[in-house]
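Open the model in your viewer and keep the selection panel at hand. The tour moves from one selection to the next.

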Amino acid sequence: MSRGREVSFAALAGLVFALGLGLAGMTQPSKVVGFLDVTGDWDPSLAFVMGGAIAVHLTAYRFLRSRGRPLVASRFQLPTRSDIDLSLVLGAAIFGVGWGLGGYCPGPALVSAGALQKPALIFLAAMAAGMVVQHLLARTPQPAKNGDTLESRTAAETKA
Amino acid sequence: MNHFTPVASLLGGLLIGLAATIVLAVHGKVAGISGIFGGLLQRGAGDRPFRFAFVGGLVVGGAILGIVAPSLLPSASASSPPIWLVVGAGLLVGFGTRMGGGCTSGHGVCGLSRFSRRSLVATVTFMLTGGITAFLAHRFGGAS
């Protein structure tokens, strides 16, 4: 396992992701809002983004899972939870409201901030603040759950 | 103002799927942007080199887009929503994605590709509240 390879592939993935988001139209908030609001002058383009991304990733996932282990890690670290809890639904609902208001989800916000788009830089700073607030609130005692997503697992490790 | 761009959007989607596949094949992880970025703002979250490199790739990719394909980004002269709205939206997106354990990439692309029940519920939920919000903002707020 080489750290160099791990880091360069991560950077490559981020780069390809950014170009994909840009080409897809996700870095244009007005286009995103025009997709989310189906009652207006609806632009269905972004359905093609998710369709294309899932077509590739679903195929790759099936193939890769049957092959044992990833290239530089000893095992796959994929979420195993299947319970539907309040944080999942409420969190997703809150995210959706912010997405519908601003037209940015986290990826396009980072990409557009890289292009020094002023609203995206402001959005990104606020998004980071919102994340930190959530991290602080989530640290109040609550039963830790095992087999969580990668993200929440690291959160649980912090608590432990 | 917005044109229907099925081909570019499909190609962009294929690249996004490819990027998520690199992360899965090489690192064995979910390419969830809110989680990878959020971990950088959280004490004790591991994999910092991976997180920095991936987020760095996104930001550098944005810089490249800004230079070679500025038409993919709103022009500086385009009317942007008021600052309070941008700040409010950012706070909600940051808080909500961390509370719900993912965003459009982690739940929407990676989760749905794995037929995850949680990701399906999350994706339907944020699409629904996103749609309602965009509708209300458009009708009553004049925000867009």
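Predicted model: local features only at pLDDT ≥ 70, side-chain atom pairs only at ≥ 80, totals over all residues.

**Stop one: the cover over a helix**

Check the length next. Helix 6 of chain B has 25 residues, so at 1.5 Å a residue its span should be 36 Å. The end C-alpha atoms are 34 Å apart, which agrees.

**Stop two: all of chain B**

Zoom out to chain B. Chain B holds six helices and zero strands. From the N terminus, its elements read α-α-α-α-α-α. Its C-alpha atoms fill a box of roughly 45 × 35 × 35 Å along the principal axes. Of the 144 residues in chain B, 58% are buried. Among contacts in chain B with a separation of 6 or more, 43% join residues 24 or more positions apart.

**Stop three: where the chains meet**

Select both sides of the contact. Chain A puts in 114 residues and chain B 108 residues. On the chain B side, helices 1 (6-27), 2 (33-40), 3 (48-68), 4 (83-99), 5 (104-113) and 6 (117-141) each supply at least two residues. Which helix of chain B gives the most to this side? Helix 1 of chain B does, with 21 residues. Color the chain B side by class to finish: 60 residues are nonpolar, 42 polar and six charged.

Notes
Residues numbered from 1 in each chain as written. Chains lettered and ligands numbered in written order. Contact = placed C-beta atoms within 7 Å. Helix = DSSP H or I, 4+ residues; strand = E, 2+ residues; numbered from the N terminus. Nonpolar A, V, L, I, M, F, W, Y, C, P; charged D, E, K, R; others polar. Buried ≥ 20, exposed ≤ 12 C-beta atoms within 10 Å, placed from the backbone. Expected span 1.5 Å × (residues − 1).
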